[in-house]
Amino acid sequence: MKPPRYFVSDKAVIRHLELAEGLNVNAVRRRIRRNVELAEDHPEATAVISGGRRYVLENGVVTTVTPASTPGKRSRRKHRNGRS
């Protein structure tokens, strides 16, 4: 298979979703803001976990969203004595 000729930026994907698929980007922004409102009382916070997602914060900006790690889903590491 030939490598793709064009790279598609995240901005292009979002604009396509907005214009061609009817995604309301401002509504998504409002939803994200509501999810991180908890950080208002903790200005030093670097992330907020809400609804199973981790919202990463840098200087008052949500920079990315990742799945929140959940108990039982972590990789099993061996203890110092060799037991897992």
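Biologist: In what order do the three strands form the sheet?

Modeller: Keeping in mind that this is a predicted model, the three strands make an open sheet in the order E1-E2-E3, and their pairing is antiparallel.

Biologist: And which strands stand at the edges?

Modeller: Those are strand E1, residues 47-50, and strand E3, residues 61-67; each has a single partner strand, so one side of each is left without a neighbour in the sheet. On average, neighbouring strands here are turned by 25 degrees against each other, if direction is ignored.

Biologist: Which helix packs on the sheet?

Modeller: That is helix H2, made of residues 25-36, which touches E1, E2 and E3 and whose direction makes about 90 degrees with that of E2.

Biologist: Back to the strands, how many bridges join E2 to E3?

Modeller: Strand E2, which covers residues 53-58, is joined to E3 by six bridges, with the two running antiparallel. In that pairing, Glu 58 has Val 61 of E3 opposite.

Biologist: What pattern does the chain follow along the sequence?

Modeller: The pattern reads α-α-β-β-β, in keeping with a secondary structure of two helices and three strands.

Biologist: Changing topic, how much of the chain counts as buried?

Modeller: Of its 84 residues, 11% count as buried, while the accessible surface of the chain comes to about 8,000 Å², with 51% of that belonging to carbon and sulfur atoms.

Biologist: What about contacts between residues 24 or more positions apart?

Modeller: Taking the contacts in the chain with a separation of 6 or more, such residues account for 4% of them.

Methods:
Residues numbered from 1 in each chain as written. Predicted model: local features only at pLDDT ≥ 70, side-chain atom pairs only at ≥ 80, totals over all residues. Heavy atoms only, no water. Pairing = 2+ DSSP bridges. Helix = DSSP H or I, 4+ residues; strand = E, 2+ residues; numbered from the N terminus. Axes fitted to C-alpha atoms, helices over the stretch in contact; angles between N-to-C directions. Contact = heavy atoms within 4.5 Å. Buried < 20%, exposed > 50% of the residue type's maximum accessible area, 1.4 Å probe, protein only. Areas by Shrake-Rupley, 256 points an atom, 1.4 Å probe, with all protein chains shown as cover.
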